[in-house]
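Q: I have a model open and would like to learn how to read its features. Could you walk me through it?

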Amino acid sequence: MNAAPADQIRLLDLQAIDSRLDQLAHRRRSLPEHAEIEKANADHTALKDLVVAAQAQLGDTTRELTKAEQDVDQVRTRAARNQQRLDSGAVGSPRDLENLQHEIGSLAKRQSDLEDVVLEIMERMESSQTRVTELTARLDHSTVVLKEAEQRRDAAFAEIDAEVEKVKRDRETVAVVIPADLLKLYTRLREQQGGVGAARLYQRRCEGCRVEFSTADLAAIKREPKDEVVRCENCSRILVRTADSGV
Ligand SMILES: [Zn+2]
């Protein structure tokens, strides 16, 4: 393939621009914020599940308390009614009176037992409530951590994307003047050779693969016409001869 030496040199400019674009894409992919966001998301999800479970437990305990308080009320009402009957003097027979007093006694015992149950449930409810409060605070914190990481990522994205836009415009102006066949070869080689399609010949080396040419190889390269598109024998990249190539 033939191409004007100036166009071959432009290929090196294009290569520098493409390498810069590759770097920017790599930077965009490997921002530390990606891992941070992933971790913050996992923490956030786990905490959300814990809050839901703690709230459910609090709900259960609250219902348990209501039920236990109703039990106490029932016993208290019955005891009050019995006491009223006793105080009214309406119960005449000693046997009935004894039964009534006995019932009042067992109701008092029952009420005291039920009140202990209520206290025990209230204690559990308090620790349930504390857990909900604590987990909710942690969840809120994890939301903030996640949001901050996302904001930092988006700021980095914006900065990278703005530079990508600028570099792409530069690429346009360089690429537009390079002959189509040369550009096509460069593009194909760039895809095959890990992003580098054209390399400078400098200090006896191909700057693409760093292979050092022998004197005979260099002499052969030197004999090639200036508009011949030379390829590196080692990596097959386009080997661009510049003013400082020494050939
Ligand atoms: Zn090479």
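Q: Which residues does leucine 11 touch, not counting residues up to four places away in sequence?

A: First, keep in mind that this is a predicted model. Here leucine 11 touches Ile178, Leu182, Tyr186, Ala198 and Ile238, leaving aside residues up to four places away in sequence.

Q: Which residues of the largest nonpolar core touch the most other members?

A: A nonpolar core is a set of buried nonpolar residues joined through their side-chain atoms. In this structure the largest one has 24 residues, and Leu11, Leu14, Leu182 and Ile238 touch the most other members. Helix H1 (5-29), helix H3 (94-175), helix H4 (180-192) and strand E4 (238-240) each contribute at least two residues to this core. H3 gives the largest share, 7 residues. There is also a second, separate core of 10 residues, with Leu201, Val230, Cys232 and Leu239 among them.

Q: Is cysteine 206 buried or exposed?

A: Relative accessibility under 20% is called buried, and over 50% exposed. Cysteine 206 is buried because its relative accessibility is 0%. Cysteine 209, at 25%, is therefore partly exposed.

Q: How many disulfides does the count come to?

A: Two cysteine sulfur atoms must lie within 2.5 Å to count. Here the count comes to 0 disulfides.

Q: Where is glutamine 84, and why does it count as exposed?

A: Glutamine 84 sits in helix H2 (residues 32-88). Its relative accessibility is 59%, so glutamine 84 counts as exposed. The C-alpha atoms of glutamine 84 and histidine 141 are 58 Å apart, with the two residues 57 residues apart along the chain.

Technical notes: Residues are numbered from 1 along each chain as its sequence is written. This is a predicted model: local features need pLDDT of at least 70, side-chain atom pairs count only at pLDDT 80 or more; totals for chains, interfaces and linings use all residues. Side-chain values use heavy atoms; hydrogens and water are left out. Buried means under 20% relative accessible area, exposed over 50%, partly exposed in between (1.4 Å probe, protein chains only). Helices (H or I, at least four residues) and strands (E, at least two) are DSSP runs, numbered from the N terminus. A nonpolar core is a set of buried Ala, Val, Leu, Ile, Met, Phe, Trp, Tyr and Cys residues joined through side-chain atoms within 4.5 Å. Contact means heavy atoms within 4.5 Å.
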